[in-house]
Amino acid sequence: MQLENNFFDVVVVGGGHAGAEAAWAASRMLGDRGKVAMITMDPHAIGRMSCNPAIGGLAKGQMVREIDALGGLMGHAIDAAGIQFRILNRSKGPAVQSPRAQADKYRYEAAVQRLLREHCPYLAIFAATVDDIFTQGASASASVSGGNDQHTPGRITGVRLGTGQELSCTCVILTTGTFLRGLMHTGPRKTEGGRIGEQASTGLSQSLERLGFELARLKTGTPPRLARETIDFSGLDVQAGDDVPLSFGYLSGSSNSPLAATFPVLPQVNCHITYTNARAHDLIRANLHRAPMYSGQIQSRGPRYCPSIEDKVVRFADKTQHQIFLEPESLDTNEIYCNGISTSLPVDVQEEMVHSITGLEKAKVLRWGYAVEYDFAPTHQIRPSLETHHVRGLFFAGQINGTSGYEEAAGQGLMAGINAARSIQGQAPIILGRDKAYIGVMIDDLVTKIPTEPYRMFTSRAEFRLTLRSDNADQRLTPLGRQIGLAEPVREEQLLAKLSAMHHIMDQLRASRLPDGTTAAELIRRPDIGWQHLATMKFQPPGRLMAILESSQFQAVLEQIQIESRYAGYIQREEQLARRMHELESKVIPIGFNFSALTELRREARDSLVRFQPGSVGQASRLEGITPSDLTMLMMYLTGRKLTTRT
């Protein structure tokens, strides 16, 4: 777009997965009534996959479907760039089944950039850094590390770019990834940067500290990349994709949306599996003193559930091998990603370790593994809307909030973009409940418990796993996406057609009976009865149900009907639990509430309430250091007071 002046309604800082979703949501919701800018060091790197070339996985796949159902872009991008699609845990229950896709990482970033370029006409992209944030009213003296419950927050007024240019704005969304004072480690060698070949951002960290924000450090890492033609795949296990790939996007393959495309778009490929061994483990143990995580060079904590190979060898000393997935990074290059041996060991140790592994004896290393340390903002400083307590109009999303993973970042970016746009429109923020979305679970976890290591989403974090399935994300969230103006009308039309088909099929199941009077609806609830079994039975009246079972058009709908029929009792219990939870969430605590005055509470409870500034009794109940008796005391104190809605 052509710039007329230097004012923007929303400025998004960063072009990773969080930044892309934030810019997409804010720009499409505001349309021609608002101006949105994205500031990124390299516009050609927008949507770049810094680490593994994959989207989805356990619980993460559900989040991608949720992003898509609300009207986000990640599902479109991975469907356009996926080179292997699989449903994980297919043999287990529906609550833990998740979609995952390998991506051609170059086509993925190209798809993200194309979507932003073609469908966000009012988005301006600047190739620059942001070195300073301008506010009115905020001060470092009212530090957000505690005791700010009576502080009047400041407000965003603009940013200064590394070029010296200043932009005025109403909202800023920080999606800084691993770039805030990023420091990369390979053995004793340290290099400033947030990603290989890209510089770190230092001025922004200093600006946040001047404003009174508390910053801390976390660490993540990445494995070596190998040349495909130098790997001996002949003796390795093959990991194939599903025979019939399932898309992430609910509109993929639809002819009714300009965003949709045929599916799958690209040829599908195999991955391979190999393993570490005793020789590799002995080599790692002998060189732990040279590993930054063990030499004292790195002080910050890395992800517990995606540890480096050094951590695996130390923490799981009884294991004789660890799995390594060899994953193609592109259809057009020879790069193979070694998923399972993330490392920051010195180059000579990495090379010897790689060559000790079956199939990799002669492998050429194209890029060495490394660890990266970076700043993040402990999450007592943000609200459930992802806006900060300390500065109105300033939102944090992604790794600045202590999370790890493309999907976690994208989910936060989407919600930050939505809520920034709604703030511009004078509307209340959208807060997803724990019973509505994995995205809601993640954000609630962040604002009630500060990450001490990079946060990663798992199905086990959700109390409502049977409700939060990947197959029903459209039913849970598309109506909301349409209500806020982000999801396209065709999504609602498609959802209504799906619901109509489900009702029609259920009517047919209830009406189809065996001679003994048993209905097809009763049979399908049995774990040993599948749709293929029903097709062989003599139902009365004949024909009508058979036509449905034999139609490929209804296969996804049939699977969802079966899940909801078999688990109806468990789903009902989750719904009852959700209703009780909503009763606590409806008890709103006003912004600026003076928790310090609650002298009847234990000191630990008061400190926790002051630090996190919960917006509801439900949120307060999930804080660290809050006991049931503390909660009872808080509710007694609030009883009889007229509590206003938080904004």
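Modeller: Buried means under 20% relative accessible area, exposed means over 50%, and partly exposed lies in between. The model under discussion is predicted.

Colleague: Is Phe 263 buried, partly exposed or exposed?

Modeller: The relative accessible area of Phe 263 is 22%. Buried requires under 20% and exposed over 50%. Phe 263 is therefore partly exposed.

Colleague: What is the arrangement of the rings of Phe 85 and Phe 263, and which parts of the chain do they link?

Modeller: Phe 85 is buried, with a relative accessible area of 2%. The ring centres of Phe 85 and Phe 263 are 4.8 Å apart and the planes meet at 75 degrees, so the pair is edge-to-face. This pair links distant parts of the chain, 178 residues apart: strand E4 (residues 82-88), which holds Phe 85, and the loop between strand E14 (237-239) and strand E15 (271-275), which holds Phe 263.

Colleague: How many aromatic pairs are there in total?

Modeller: Rings of Phe, Tyr and Trp pair if their centres lie within 6.5 Å. By this rule the count is 5 aromatic pairs.

Colleague: Which strands does the pair of Phe 8 and Phe 126 tie together?

Modeller: Phe 8 and Phe 126 form an edge-to-face pair, at 5.8 Å centre to centre and 85 degrees between the planes. Phe 8 counts as buried at 0% relative accessibility, and Phe 126 counts as buried at 11%. The pair ties together parts 118 residues apart in sequence, because Phe 8 lies in strand E1 (residues 7-13) and Phe 126 in strand E6 (residues 123-127).

Colleague: The charged end of which residue sits over the ring of Phe 8?

Modeller: A charge sits over a ring if NZ of Lys or CZ of Arg is within 6 Å of the ring centre and within 35 degrees of the ring normal. Over the ring of Phe 8, at 4.9 Å from its centre, sits the charged end of Lys 35.

Colleague: How many residues of strand E19 are buried?

Modeller: Tyr 370, Val 372, Tyr 374 and Phe 376 point one way from E19, while Ala 371, Glu 373 and Asp 375 point the other way, and all are buried. For strand E19 (residues 370-376), the count of buried residues is 7 of 7.

Colleague: In which sense does E19 pair with strand E10, and in which with strand E12?

Modeller: Strand E10 (residues 183-186) joins E19 over 3 bridges in the antiparallel sense, with Leu 183 opposite Glu 373. Thr 222 has Tyr 370 as its bridge partner in E19. Strand E12 (residues 216-222) is joined to E19 by 7 bridges. The sense is antiparallel with E10, and with E12 it is antiparallel.

Key:
Residues are numbered from 1 along each chain as its sequence is written. This is a predicted model: local features need pLDDT of at least 70, side-chain atom pairs count only at pLDDT 80 or more; totals for chains, interfaces and linings use all residues. Side-chain values use heavy atoms; hydrogens and water are left out. Buried means under 20% relative accessible area, exposed over 50%, partly exposed in between (1.4 Å probe, protein chains only). Helices (H or I, at least four residues) and strands (E, at least two) are DSSP runs, numbered from the N terminus. Two strands pair if DSSP finds at least two bridges between them. Rings of Phe, Tyr and Trp (its six-membered ring) pair if their centres lie within 6.5 Å; planes under 30 degrees apart count as stacked, over 60 as edge-to-face and the rest as tilted.
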